[in-house]
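I opened my notebook to work through this structure one feature at a time. Here are my entries, in the order I looked things up.

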Amino acid sequence: MNALTGPRGIQRIPVPRDSHRGISLKFPRKRSMQYDIDYEQALNALQLRVVREGDGYALVLAGAGSGKTRVLVYRLAYLIQQGIPAQNIVLITFTNKASHEMLSRAAHLVGRDHHGLWGGTFHHIANRILRREATHIGFSPDFTILDREDAKDAVNECIKKVVLTKDPAFPKKEVICQLIGLAVNSQQAIGSVVQQRYEYLQDFIPAFEKIGQLYREKKMKANLMDFDDLLYYWHQALLLQPIQEKYAQLFRYVLVDEHQDTNHLQFEILKLLSGVHKNLLVVGDDAQSIYSFRAADINNILGFPKVFPRVRIFPLTINYRSTPEILSFANQSISHNSRQFPKELSAVRESWRKPEVVKTDDVYQQAEWCLQKMGTLLQEGISFQHMAVLFRSRYQAVELEMALVKRGIAYIVRGGVRFFEQAHIKDVLAYLKMRGNPKDEVSFKRVMKMQKGISSGYAEKIWQQINGGASYEEVSRSLPARAREGFGRFLGVVKQIEALDDPAQMIANVVDAFYREYGKLTFEDYQERMLELEELVKVSEKFDSLKSFLSDLSAYEGFKGEQVTDPHAPQEVLVLSTIHQAKGLEWDTVFIIGCAQGSFPNPKCVEEDLLEEERRLFYVAVTRAKNRLYILYPVLRYTASGGLFFGKASLFLEELPASVYTAQDCSDKYNSAPQY
DNA sequence: GTTTCGGTTCTTTTT
DNA sequence: GAACCGAAAC
């Protein structure tokens with residue numbers, strides 16, 4: 001059973017029956033036969049108040065492990081039970097996974113009545129709405145969504161058009177993408193974002209603005225949107241009176257999870273969506289705001305009461321998840337931050353062991369220590385699915401991965417490369433996208449560049465010619481021999497899929513006609529990649545048209561190595577995860593590795609604001625653990641150039657009183673590096 | 001002018 | 001590993 005969320009008979013505080021004022025909804029005295037939900041059994045007094053009295057503008061400050069998911073699920077069930085049609089409720093979550101989990105839990109309570117509810121991430125819901133309203137903002141409904149890599153490439157082309165002479169001081173395309181994204185999400189001019197976050201680049205502001213302009217035009221011409229555009233154009237659409245009217249009328253209740261990680265643009269969307277019925281309930285924890293690099297603005301939650309003076313605030317401060325020892329460790333840590341709602345989480349669990357802080361020689365010993373401890377835990381009856389290893393940065397897990405592979409232990413890594421962002425998946429999908437959206441320049445060029453003899457130069461020329469109305473023969477004649485052959489092969493593949501509309505068949509055809517051979521020559525691990533393409537065929541079989549497949553692609557968040565097709569398969573595998581990806585999850589046992597100076601906090605985050613965010617990240621990691629928490633740090637660091645560093649524990653450990661943990665020193669016990 | 005290939009550099013977090 | 005750069009090859 002899931003201890004995450006609820007008290008289950010832990011305490012029974014009497015609830016004042018008439019404590020809500022001016023609320024039109026009444027809690028039914030007689031429960032309907034249809035669903036017998038025992039709210040009072042399932043929820044504590046404060047949780048119950050949120051569920052029953054969450055009308056109007058409401059802010060739920062839900063500390064880690066305080067049952068926030070449970071509250072949202074029951075609130076949902078309550079509204080439906082009150083007779084609110086599901087299609088008039090929108091539940092915005094941080095990941096689509098969280099949305100699915102909440103909806104399926106709500107389904108347990110109210111059966112099929114939750115069907116039609118609008119659930120998902122901001123981006124997911126934006127996608128759904130924009131497919132309907134695209135024509136109002138200058139797009140056609142079959143627009144293609146660019147992922148981060150595609151967007152980067154497109155921006156790069158714009159950079160080349162603006163910056164003609166190479167300047168070594170000009171920032172890389174990643175940086176440009178980042179600041180264009182920040183500008184959109186925080187609704188600021190690129191110039192002011194640069195002033196605030198990249199002051200040293202201010203000489204380039206005019207160039208940045210030109211690039212941003214060009215990029216926006218390019219996408220519009222090609223009927224493309226990047227992730228940020230989904231929000232940008234959703235907001236643009238909502239600024240049109242009839243559309244605003246339509247959706248603000250439709251959404252009688254707007255529920256928002258993880259509000260601390262929303263950005264300015266998202267908050268504006270929320271204001272517009274809730275503008276008619278004025279039922280906006282946001283749930284969040286300012287102590288867990290960890291996405292400022294995506295323009296998340298902690299002021300959205302800290303300043304919520306200022307924006308809506310009549311807001312009601314519900315603080316949930318009882319933690320049902322962790323032992324008091326883990327909680328006091330977390331509380332001690334977060335108390336070093338200055339910007340937060342004052343609060344302290346209190347524990348109801350029984351006292352148990354303190355968290356252990358383990359000093360090791362290096363990353364190999366760190367991995368070994370984890371494995372040995374896991375062995376002990378297995379003997380105690382804790383299986384791998386109840387353990388997780390968390391880290392600040394993806395690269396910190398590699399030594400542990402090697403050790404796990406060596407022992408044949410199954411694991412998945414969350415964070416890093418996503419299934420749909422791998423080169424071979426994107427290659428094959430580019431063919432389908434090209435067919436689905438003939439204006440899709442990015443996919444067309446990607447497909448062209450797979451052919452030998454054609455690289456970005458000819459890909460551009462071919463694209464220009466075809467758009468200028470040239471026939472295939474004309475294009476072919478204009479090319480040099482090598483490129484002409486490639487173009488011929490391309491036409492062959494296109495012919496294969498021309499007449500099809502079934503995505504699974506199209507994928508299989510592309511692979512058979514071209515990609516299998518191409519893959520053999522391109523990838524060393526070609527066989528694995530072919531297996532993943534088979535996986536892709538399976539995923540696509542669920543869709544009966546190309547259109548529905550393509551418009552739903554963005555909803556998938558699965559990672560490489562995870563079962564994309566069957567997310568509910570029971571998993572006996574160990575989870576290795578970035579802390580960011582671990583948000584909202586919990587395990588019996590948590591290992592946090594790499595808590596050393598120079599790794600965590602990330603050295604690039606030295607500014608005061610960012611340091612506080614790093615500390616919140618540490619807080620998130622710590623509060624994932626229910627019973628056992630092991631925090632490890634290696635003192636030796638190998639630099640890229642082969643040098644050795646002596647490091648010490650993370651600032652976040654050093655600043656804590658020694659009384660909140662037990663320390664273990666494993667360094668010096670170490671003889672020679674194991675060979676992997 | 002364009003492509004290809006071999007070397008070098010660096011890796012924060014993500015819808 | 002993959003992204004970038006420069007030099008050789010077409």
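**Entry 1: two helices**

How are α6 and α7 oriented to each other, roughly parallel or roughly perpendicular? Before I answer, a reminder to myself: this is a predicted model. I looked up the angle between helix α6 (residues 148–162) and helix α7 (residues 173–186), and they pack at about 105 degrees. Angles of 65 to 115 degrees count as roughly perpendicular, so α6 and α7 are roughly perpendicular to each other. Their axes are 9 Å apart.

Next I checked who makes the contact. From α6 I wrote down A151, K152, V155, N156 and I159, and from α7 K173, E174, I176, C177 and I180. Sorted by class, that contact has six nonpolar, one polar and three charged residues.

**Entry 2: the cores**

V155 turned up again when I looked at the largest nonpolar core, which has 152 residues. V155 is among those with the most contacts inside this core, along with V60, W234, L390, C595 and L632. Which helix gives the most to this core? I found that helix α3 (residues 68–81) does, with nine residues.

I also picked out W234 to see what surrounds it. Leaving aside its neighbours within four places in sequence, W234 is in contact with A126, I129, L130 and I269. There is a second, separate core too: it has 35 residues, including A459, F514, Y515 and L546.

**Entry 3: the sheet**

I traced an open sheet of six strands and noted the order β3-β2-β6-β7-β1-β8, with parallel pairing. Which strands stand at the edges? They are β3 (118–120) and β8 (312–316). Each has a single partner strand, so one side of each is left without a neighbour in the sheet. Neighbouring strands here are turned by 10 degrees against each other on average, if I ignore direction.

Then I zoomed in on one pair. Strand β1 (residues 57–62) and strand β7 (residues 280–284) run parallel and are joined by five bridges. I found L61 standing opposite G284 in β7.

N96 belongs to helix α4. Is N96 buried or partly exposed? I got 18 C-beta neighbours inside 10 Å, so N96 counts as partly exposed. The C-alpha atoms of N96 and F122 are separated by 9.5 Å, and the two residues are 26 apart along the chain.

Most residues other than glycine have a negative phi, and most peptide bonds are trans. With that in mind I went looking for exceptions.

What is phi for E258? It is near 55 degrees, a positive value in a residue other than glycine. E258 sits in the loop between β6 (253–256) and α12 (264–273). I count E258 as buried because 26 other C-beta atoms lie within 10 Å.

A295 also has a positive phi, about 75 degrees, although it is not a glycine. Its loop is the one between β7 and α13 (299–302). A295 has 24 C-beta neighbours inside 10 Å, so it counts as buried.

Last one: the peptide bond from F600 to P601 is cis, with omega near 5 degrees. I placed P601 in the loop between β15 (587–592) and α27 (608–622).

Notes. Residues numbered from 1 in each chain as written. Chains lettered and ligands numbered in written order. Predicted model: local features only at pLDDT ≥ 70, side-chain atom pairs only at ≥ 80, totals over all residues. Core = buried A, V, L, I, M, F, W, Y, C linked by C-beta atoms within 7 Å. Buried ≥ 20, exposed ≤ 12 C-beta atoms within 10 Å, placed from the backbone. Helix = DSSP H or I, 4+ residues; strand = E, 2+ residues; numbered from the N terminus. Contact = placed C-beta atoms within 7 Å. Pairing = 2+ DSSP bridges. Axes fitted to C-alpha atoms, helices over the stretch in contact; angles between N-to-C directions. Parallel < 35°, antiparallel > 145°, perpendicular 65-115°, else oblique. Nonpolar A, V, L, I, M, F, W, Y, C, P; charged D, E, K, R; others polar.
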